[in-house]
Amino acid sequence: MIEERIKAKIEKGERIAEHDALELFQSDDILMIGRLAQAARGLRKADRVVSYVLYRNINYTNVCISMCSFCAFSRNMKDSDAYVLTTEEIREKIRAAMVVGTNAILLQGGLHPDCKIDFFIELLKTIKDEFPDMHIHAFSPPEILHIARNSNIAVEGIIELFKDAGLSSIPGGGAEILVDEIRREVSPLKCTASEWLMVMEKAHMQGVKSSATMMFGGIENYTDRIMHLSLLRELQDRTKGFTAFIPWTYQPNREERHRGTEAQRHKVGNNELLFETDPLDLKMKEEAKISTCRRLREMEHANQGITETSAVDYLKTLAIARIYLDNFIHIEASLVTQGPKIAQLALEFGADDIGSIMMEENVVRAAGNSYIATEAELIYLIKEAGYIPAKRDVLYNQYTMV
Ligand code: SF4
């Protein structure tokens with residue numbers, strides 16, 4: 001039986017193979033998968049501590065030249081609500097964060113065509129000058145690659161410059177599914193799978209740790225998810241630079257998308273973008289901006305009105321990741337995308353961290369799907385589930401029992 005076979009492997013410290021992971025994905029016995037995940041969690045983190053971190057989220061710009069089909073946050077430069085935060089605005093946000101007791105910021109933004117290395121170095125240095133103890137968790141691989149290309153500097157050079165200017169660690173965003181066939185559908189202008197991995201490897205080689213993520217529940221299949229996990233496991237074997245794995249689900253936009261109402265955009269050729277505002281063409285352009293990914297999903301679920309994957313799929317995927325990723329100590333439940341109740345359940349499916357409380361989360365909220373909880377609620381949820389809450393630092397080095 002599958003449970004005995006996988007359990008024996010876990011207990012012997014043997015790695016499960018891709019076909020084992022596929023068998024688990026194909027099983028409907030979600031509780032069995034949860035039991036196996038908890039056995040794997042127990043080997044890697046024996047205590048019952050469940051951690052969380054408090055971040056100030058700062059999205060320095062919403063201007064982005066990428067065209068991710070799921071993104072309701074990005075704008076083009078001509079949009080009336082496009083912005084780039086000033087250094088003073090960023091300082092103000094950090095000061096406010098310190099009042100509520102955090103010394104960690106998550107700094108991410110769109111791929112702005114005009115922001116080059118000098119902009120980012122000044123930003124990092126300014127933050128470090130005024131807030132020397134601030135942990136700066138910043139710039140996902142697509143941003144680093146974009147800045148490298150925009151500034152004509154190699155990725156290694158960008159990471160070195162960022163590190164010298166105060167960068168502490170890198171968020172694992174922009175991974176989506178690390179299979180190029182899928183990426184071409186959901187994020188046609190974002191970095192490839194091998195580029196994402198290359199940026200992470202170069203960061204890890206310079207001692208800069210990062211998290212790893214996966215956004216699933218779109219058009220990928222189980223094999224794609226396993227490929228994603230396999231690539232992460234392989235890189236972690238070599239660098240040991242990932243602190244945690246954070247899976248979350250594709251978030252359909254529930255609010256009217258800005259793009260298409262004020263400024264139309266669509267892809268021409270391979271990389272070229274057109275920005276137009278001709279209202280006569282609105283319907284046609286609206287069609288053009290909806291990705292194949294989205295159309296497929298909507299067609300698939302047209303009769304049921306279903307636009308996102310289920311809680312069972314989320315919990316199963318998180319649990320299989322816990323079992324498969326035997327070289328990751330921490331698996332993080334996504335409070336922001338799944339909500340407090342599912343995040344609480346995820347603790348029985350292998351998660352040992354309940355994500356982050358983010359001041360001013362903008363990206364998921366732009367899609368109309370963001371859940372928030374106060375620190376007190378989060379502590380309550382962890383205790384109610386029978387675990388011991390602890391506030392941690394970004395790199396999982398320090399825990400403060402609460
Ligand atoms: S997800 Fe990120 S890279 Fe993609 S369009 Fe939105 S801001 Fe740009």
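**Annotated sites, core and salt bridges**

Gln338 counts as buried, at 11% relative accessibility; buried means under 20% relative accessible area, exposed over 50%, and partly exposed in between, for a 1.4 Å probe and protein chains only. The structure is a predicted model, in which local features need pLDDT of at least 70 and side-chain atom pairs count only at pLDDT 80 or more, whereas totals for chains, interfaces and linings use all residues. Residues are numbered from 1 along each chain as its sequence is written, and side-chain values use heavy atoms, with hydrogens and water left out.

Gln338 is part of helix H14 (residues 335-346); helices (H or I, at least four residues) and strands (E, at least two) are DSSP runs numbered from the N terminus. The side chain of Gln338 makes polar contacts with the side chain of Thr249 at 2.8 Å and with that of Thr337 at 3.0 Å. A polar contact is a pair of N or O atoms within 3.5 Å; within protein, one must be able to donate a hydrogen and the other to accept it, and residues adjacent in sequence count only if both atoms are side-chain atoms. With residues up to four places away in sequence not counted, Gln338 touches Trp248, Thr249, Gln251, Tyr314 and Tyr371, contact being defined as heavy atoms within 4.5 Å.

An unreviewed UniProt entry places the feature "binding site" at Phe70 and Glu176. These positions are spread over 107 residues of sequence but cluster in space, with a largest C-alpha distance of 10.5 Å. From this set, Glu176 belongs to the lining of the second largest cavity. On a 1 Å grid over the protein atoms alone, a cavity is a set of points where a 1.4 Å probe fits but cannot get out, and lining residues have an atom within 4 Å of a point. UniProt positions follow the numbering used here, feature names are shortened, and annotations may be inferred rather than shown by experiment.

Phe70 is located in the loop between strand E1 (49-59) and helix H4 (87-99) and counts as buried, at 15% relative accessibility. Glu176, in the loop between strand E4 (169-170) and helix H8 (180-186), is also buried, at 5% relative accessibility. Apart from its neighbours within four places in sequence, Glu176 contacts Phe70, Arg183, Ser187, Lys190, Met214, Met215 and His228. The side chains of Glu176 and Lys190 form a polar contact of 2.2 Å.

Most residues other than glycine have a negative phi. Glu176, however, has a positive phi, near 45°. Tyr396, likewise not a glycine, has a positive phi of about 60°. Tyr396 occupies the loop between strand E11 (388-392) and strand E12 (399-401) and is buried, with a relative accessible area of 8%.

A further "binding site" annotation from UniProt (unreviewed entry) covers Ser140, Ser334 and Ser356. Ser140 lies in the loop between strand E3 (135-138) and helix H6 (141-151) and is buried at 6% relative accessibility. Beyond four places in sequence, Ser140 touches Gln108, Ile170, Pro171 and Gly173. Ser356 is in strand E10 (residues 353-359) and is buried at 9% relative accessibility. The contacts of Ser356, leaving aside neighbours within four places in sequence, are Val53, Tyr55, Glu332, Leu335 and Val336.

The largest nonpolar core has 95 residues, of which Ile127, Phe139, Phe162, Trp196, Phe245 and Ile323 touch the most other members. Helix H13 (residues 311-324) gives the most to this core, with eight residues. Such a core is a set of buried Ala, Val, Leu, Ile, Met, Phe, Trp, Tyr and Cys residues joined through side-chain atoms within 4.5 Å.

The whole structure contains 28 salt bridges, each defined as a side-chain nitrogen of Lys or Arg within 4 Å of a carboxyl oxygen of Asp or Glu. Arg15 and Asp237 form one, at 2.8 Å from N to O. Arg15 lies in the loop between helix H1 (2-11) and helix H2 (18-26) and Asp237 in helix H10 (residues 222-239), so this pair ties together parts that are 222 residues apart in sequence. Arg15 is partly exposed, with a relative accessible area of 31%, as is Asp237, at 34%. In the salt bridge between Arg392 and Asp353, the closest N and O atoms are 2.5 Å apart. Arg392 lies in strand E11 and Asp353 in strand E10, so the pair ties together parts that are 39 residues apart in sequence. Both Arg392 and Asp353 are buried. Salt bridges with shared partners join Glu88, Arg91, Glu92, Arg95 and Glu130 into one network.

Note on methods:
1 Å grid on protein atoms, 1.4 Å probe; cavity = no way out; pocket = protein on both sides within 12 Å on 5 of 7 lines; lining within 4 Å.
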